[in-house]
2 protein chains.
Amino acid sequence: MSTTKDIEEGTDFIPKFDDNGLITAIAQDSQTGQILMVAYMNRHALEMTIQTGFGTYFSRSRQKLWKKGEESGHVEKVEQILVDCDQDCLILKVTVDAGQCHVGYRSCFYRALKNNTSKKLEFIADRAYNPKKIYSKNS
Amino acid sequence: MSTTKDIEEGTDFIPKFDDNGLITAIAQDSQTGQILMVAYMNRHALEMTIQTGFGTYFSRSRQKLWKKGEESGHVEKVEQILVDCDQDCLILKVTVDAGQCHVGYRSCFYRALKNNTSKKLEFIADRAYNPKKIYSKNS
């Protein structure tokens, strides 16, 4: 059994999966620092990510392993994997060649809460590609 | 009932809380882009964050509202709140004056997986403050 000190101050990688067997993973552009997407990994997805060097997740909606870009071609080349203090969250520092979000933006975070409001968003990015072209060609 | 199009392409802020009533929130340094910490908000914590302009979360371990820095003084001034495509994850762009991690680092992500290993971490940051000094003075 690992102690808190082992987990927080040690050099053993002891990723903590939640009750559903998942750990949160943030893909961050290694060049710009932009946060591109947030997804989840089970142990197998994490192992595949480490082995292959490409971001691989577990799709909660489809309940299956999902190599990012397997359909769109927009893969994530993983440069570095960071872990937080309690080892229940990962950052993948990635290199990408195109938009990462299925809606067509570079990042999934293309909207921000409007100043001085609590219910209204504004768009803060332009579309990076046309998702209809990408996703229809393979289906 | 909101449609996928409303959620993904609309301007209504419709945050999606999970089965535990929580949404993932990433605090990112608004100046450097460094990801500082990942925590969770219930609806009340999100409302408090918007109202006060300071990062406020729900502590899963203590099961209570938690204004970041209430004990350490290391508050997060929120500059902007971003939401992702399916509105189940937030980024807080924050200004901070000191380390954010309770272990003493600026960011909770102070370790990375060692190159060509799958089980060993290496430290990639220096301590920003001494947590013993910060947390003992209030307890």
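Contact here means heavy atoms within 4.5 Å.

## About the model

This is a predicted model, in which local features need pLDDT of at least 70 and side-chain atom pairs count only at pLDDT 80 or more, while totals for chains, interfaces and linings use all residues. Residues are numbered from 1 along each chain as its sequence is written, chains are lettered from A and ligands numbered from 1 in the order in which they are written, and side-chain values use heavy atoms, leaving out hydrogens and water.

## Around Ser59(A)

Let's start with one residue. Ser59(A) sits in strand S3 (residues 56-59) of chain A; helices (H or I, at least four residues) and strands (E, at least two) are DSSP runs, numbered from the N terminus. With a relative accessible area of 6%, Ser59(A) is buried (buried means under 20% relative accessible area, exposed over 50%, partly exposed in between, with a 1.4 Å probe and protein chains only).

What does Ser59(A) contact, leaving aside its neighbours within four places in sequence? The answer is Lys64(A) and Trp66(A). Its side chain also reaches the backbone nitrogen of Arg62(A) at 3.0 Å.

## A sheet built from both chains

Six strands form an open sheet with mixed pairing, in the order S2(A)-S1(A)-S6(A)-S5(A)-S7(B)-S8(B). Strand S2 (35-41) of chain A and strand S8 (121-123) of chain B are the edge strands, each pairing on one side only. Two strands pair if DSSP finds at least two bridges between them. From one strand to the next, the twist averages 30°.

Val78(A) has Val94(A) as its bridge partner in S6(A).

## Where the chains meet

Chain A and chain B each bring 45 residues to the contact. Together they bury about 3800 Å², 58% of it on carbon and sulfur atoms; buried area is the accessible area (1.4 Å probe) that two parts lose on being put together, summed over both.

Six salt bridges cross this interface, where a salt bridge is a side-chain nitrogen of Lys or Arg within 4 Å of a carboxyl oxygen of Asp or Glu. One of them pairs Lys120(B) with Asp12(A), whose closest N and O atoms are 2.5 Å apart.

## A salt-bridge network

Over all chains, the whole structure holds 13 salt bridges. Arg127(A) and Glu9(B) form one of them, with the closest N and O atoms 3.3 Å apart. This pair joins two chains, because Arg127(A) lies in the loop between strand S8 (121-123) and helix H3 (131-136) of chain A, and Glu9(B) in helix H1 of chain B. Arg127(A) is partly exposed at 42% relative accessibility, and Glu9(B) is partly exposed at 36%.

Glu9(B) also meets Lys5(B) in a salt bridge (4.0 Å, N to O). The two are four residues apart in helix H1 of chain B, so about one helical turn separates them. Lys5(B) is exposed, with a relative accessible area of 56%. Elsewhere in chain B, Glu79(B) forms a salt bridge with Lys77(B), their closest N and O atoms being 4.0 Å apart. Shared partners link Arg127(A), Lys5(B) and Glu9(B) into one network of salt bridges.

Note on methods
Axes fitted to C-alpha atoms, helices over the stretch in contact; angles between N-to-C directions. Polar contact = N/O pair within 3.5 Å; in protein donor to acceptor, adjacent residues only side chain to side chain.
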